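Reader: I would like to learn how to read a few features of a protein model, taking each one first as a general idea and then as a case. Could we go through one together?

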Amino acid sequence: MRSLNYLGILALLLALPTTHSLKAHDFKTCSQSGFCRRGRALSARAKEAGATWKSPYVVDPSSIAIASDQATFTAGVKSSLYPHINFGLELRVHDDGVVRVRMDEVAGLRKRYDEAASWALISEPGISKDIKWTAGKKDIRAVYGQKKENEVVVTFEPLRVALLRNGKEQVVLNGQGLLHMEHFRTKTPEVTHTEEAAPKEGEEVADDEAQVVIKAKAPNPGAWFEGDNEDDYWEEKFSTWTDSKPKGPESLSLDINFPNHGTVYGIPQHATRLALPTTTGESPFFSDPYRLYNADVFEYLASSPMSIYGSIPVLHAHSADSTVGIFHAVASETWIDVDHASEKSTETHWVSESGILDLFLMPGPTPEDIFRQYSKLTGTTVLPAHWSLGYHQCRWNYVSSDDVRTVQKRFDEEDMPVDVLWLDIEYSQDHKYFIWDKKNFPDPVGMINDVAALGRKMVIIVDPHLKRTAEYPVYKKASELGLLVKDKNEGEYEGWCWSGSSAWMDFFNPNVWDWWKSLFKTQKLATGWSWTESTDAVHIWNDMNEPSVFNGPEITMPKDNLHYGGWEHRDVHNINGMLFSNLTSQAVAERTDSPTRPFVLTRAFYAGSQRFGAMWTGDNLGTWEHMAVGVKIVLSVGVGGMSYAGSDVGGFFGNPEPDMLVRWYQVGAFAPFFRAHAHIDTKRREPFLLDQPYKGMIRDILRLRYSMLPVWYTAFRETSVNGLPVLRPHYVMFPKDQNGFNIDDQYYIGSSGLLVKPVTEKDATEAKVYLPEDQVYYDYFNHHAYRGAAKGKEITVPGALHQIPLFVRGGSIVPTRERPRRASTAMKQDPFTLRVALSKAGTARGELYLDDGETYSHREGQFVWREFVAEKPAKKSRAIRLSSKDLGSARPAEAVDGVVLKAFDPANAFAKSIADVRVEKVVVVGLKAKPTAVRIEGGAKLVWDFTAGVAAADKKEGTASLLVIKDPKALIAQDWAIIIEW
Ligand SMILES: *[C@@H]1O[C@H](CO)[C@@H](O)[C@H](O)[C@H]1NC(C)=O
């Protein structure tokens, strides 16, 4: 703390906001950001000019060069405003139909940042082999696709790019003429003189503002397009900060329109609805564009286009006919206006501060196709460690080793399952991460071992700010090796964070990588310091990696800071946090000789972060609004490929009442990442502290989550293969159902057939759930059958505090493990229950994926992957055959984490390790009538019990019939079949 004199304190008190809420003035609005203002002004000029507006950017047809691969062409582009400036355009079509559009300034005064894609992409995508560009007088075009349904047309004058499907325009670039790549220029000399400025009436003028600079310049012939003042070209002030902008203006504006798509999703992370509301035009819902600029926003708003912690420049444009997607690989601050120009079309306007145009057009045509196309570019969510899908208990802070031990003990005494105990920043001495505060944590390894002894893990925080003191070996070495981010004068950048005066590792510097990984080794290294006071049971939390800088502009680094290669922070800001979690997850994986799956939680993220672990929605508030919007944010980051997501259960800030806490656990239990966390100023709120009936309710919710771990893990296997989100919004499941486009408060879990609607209103006793199809949906708990309708139907279901609206879609088989255990690691040999929810046609199908959950042996074929099917054995048969068969050999092209296995062995070592694991119970819901016999196919009769009720095939609603087969003598890893006969 700097010392303040009396007047200073008084000034500070007067300046303090009266409420304790978001300090919105800490963050820029579009009108406070020079390039955003310029972008919106350009759009306003275009609107005003109407039909007479014409983009100055033109392709030079004589410059077109089609590459020998035929799928790529390059061309020169000029702007009539600046005929001496050259731009280069490149289009290429990938083998899956994705079109990559790149544009850069050629031989300019400086170089634009062009490396964002190299951090985001998993590899250079394959190029299409059956496409040919044909250049004509006015345009160059290519037709492709299985039925030649896709076409890309690049018009020359003005430059316009369109992707068509079946002759209909899907995506149009520069259709409104808002493309503008500000070229590098020298500051034009100006004739200046200063004058005393007369203060306006009633206006106080500070001394240093009492003079105005009168500038005289040659008139700009491009003023109709660029505007006639150099608005913040060379310097920008915000609050007390000045951004020096040594490169001058270099922003990039582009309109991207979807003439046939009325709904757009994505561009996370924003606290808003999944279907993005309008930000411009006649009656905007938000007055500012959506902003992508990773930021540590203290107590963020529950409805706002403001940036929060992560940025994924991916947008889905959707209609009942088709879906298209775009991914813009740009790492600088970006603002995106969305205008639902008509019910059937959407116009978007993207303005980025720096970087090249590097846009991927994903043709779809279904949402599922787009997830595949996008994950082919940036990778999938890697299969997480199984234990990490259990419940995580966190708090700022568990204050001592004994505190940790007590919390663990209390969970066990109350029979509440938990897998992971977390330590926030106060474990460390003076916030020097890795270094234990020995006063409160005298025996760190002993404490970790006590947690690990019960099959649990610890997650410990390591933030990117390094305390600047020679006593901190990590900082000392980084400083000596010159691995830290530099300020604009190329000195070591100093900022303030938890650790006081701090410096930041420059993860763009390759010399950081191996060294950072070495820090996590648990054995002593000859080469330098390593974390010997840690064990393999420790995994890592990367917070504050936007990066958060308490005394920096917008609570982050100055944009003119310098990274490796001379790039400014402005060029790389949004990918900065991703490199940190990338390297940390590699470090954790490679700690042991045979690597194990790391768990790393990150707050900041970018396109591609899904490869490195989980994210959470940051410092939310303990309010109902935040609970509700958290669900939407998690769905929306899933659209951006980041499936492994969740919100702090309970809300980070505040002291939620017990009923709110119960609801929050219900939300958390149905999020991929399930963690409770709380601010240091909050009262303790671990679930064992609650009174009845709340304590019992939360115990039930925790147990429910654990019973459903097979569902979650199987869903994660799928996303690790094809990139489909773990939580599936309605438009992804039912892309043609117009009624579902705006639904973002209920969703499906993977392909399991489970539909959940978390209740997020106080005192609710019921909930409304939308059923999108003519199918039966069963209440998961009491087997009440509800019937949807072909055109969609809303049902009202019980939703009191102890009730979760959770449904099994008819036609699904859901595998669970229903024996309560203290941690997931204690469940490895537990038997399974199969819930067979018959469809109206009397059939059902489901999957189960299992492996050791910790190592990478699944990539060598050590797993069990089963398919369960219930169907009539023959057309006229009156029986139902329920069978289990191996999927690993049946579908070898879909191995996990992208590794295709040549010959999968169903009798692999992992399968052998669970050879005795049984199916202990089969529940068949919705049978027409009481069977006459149930037996193993070709074998013994089984013991069963039937309760009559509504059948799946009936149009009736009510409690469904229930057949319970106890101990069906079936092993989970083996083929078997059960015959139900009449
Ligand atoms: C990040 O992760 C990928 C693997 O997904 C790896 O290939 C790349 O080299 C990593 N390193 C950095 C510094 O991003």
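This is a predicted model: local features need pLDDT of at least 70, side-chain atom pairs count only at pLDDT 80 or more; totals for chains, interfaces and linings use all residues.

Reader: Which arrangement do Phe507 and Phe580 show, and where in the chain do they lie?

Author: Phe507 and Phe580 form a tilted pair, with 5.2 Å between the centres and 55 degrees between the planes. Phe507 is in the loop between β28 (500-504) and α9 (510-519), whereas Phe580 is in helix α10 (residues 569-589), and the pair thus links distant parts of the chain, 73 residues apart. Phe507 and Phe580 are each buried. They also belong to a cluster linked by ring pairs, whose members include Tyr427, Trp436, Trp516 and Trp531.

Reader: Which charged ends sit over a ring, and at what distance from its centre?

Author: Two cases can be looked at here. The charged end of Arg675 sits over the ring of Trp616, at 5.0 Å from the ring centre, and that of Arg835 sits over the ring of Tyr780, at 4.0 Å from the centre.

Reader: Turning to the ligand, which residues are around it?

Author: One way to read such a site is to list the residues, then the contacts, then the cover. The residues around the ligand are Trp119, Trp513, Leu579, Asn582, Leu583, Gln586, Arg611 and Phe612; by class, five are nonpolar, two polar and one charged. Helix α10 gives the most to this shell, with four residues. Of the 350 Å² of accessible area that the ligand has on its own, the protein covers 61%.

Reader: What should I look for in the backbone?

Author: Most peptide bonds are trans, and most residues other than glycine have a negative phi, so a departure from either pattern can be picked out. The peptide bond from Glu157 to Pro158 is cis, with omega near -5 degrees, and Pro158 is in the loop between β7 (150-155) and β8 (160-165). The bond from Pro268 to Gln269 is also cis, with omega near 20 degrees, and Gln269 lies in the loop between β16 (263-266) and β17 (290-292).

Reader: What is phi for Gln70 and for Asp763, and is each buried or exposed?

Author: Gln70, in the loop between β1 (57-66) and β2 (72-79), has a positive phi near 70 degrees, and with a relative accessibility of 29% it counts as partly exposed. Asp763, in the loop between β37 (754-756) and β38 (766-771), has a positive phi near 60 degrees, and its relative accessible area of 61% makes it exposed.

Note on methods
Residues are numbered from 1 along each chain as its sequence is written. Side-chain values use heavy atoms; hydrogens and water are left out. Rings of Phe, Tyr and Trp (its six-membered ring) pair if their centres lie within 6.5 Å; planes under 30 degrees apart count as stacked, over 60 as edge-to-face and the rest as tilted. Helices (H or I, at least four residues) and strands (E, at least two) are DSSP runs, numbered from the N terminus. Buried means under 20% relative accessible area, exposed over 50%, partly exposed in between (1.4 Å probe, protein chains only). A charge sits over a ring if NZ of Lys or CZ of Arg is within 6 Å of the ring centre and within 35 degrees of the ring normal. A residue is near a molecule or strand if one of its heavy atoms lies within 4 Å of it. Accessible areas come from the Shrake-Rupley method with a 1.4 Å probe; for residues, only the protein chains shown count as cover. Ala, Val, Leu, Ile, Met, Phe, Trp, Tyr, Cys and Pro count as nonpolar, Asp, Glu, Lys and Arg as charged, and the others, Gly among them, as polar.
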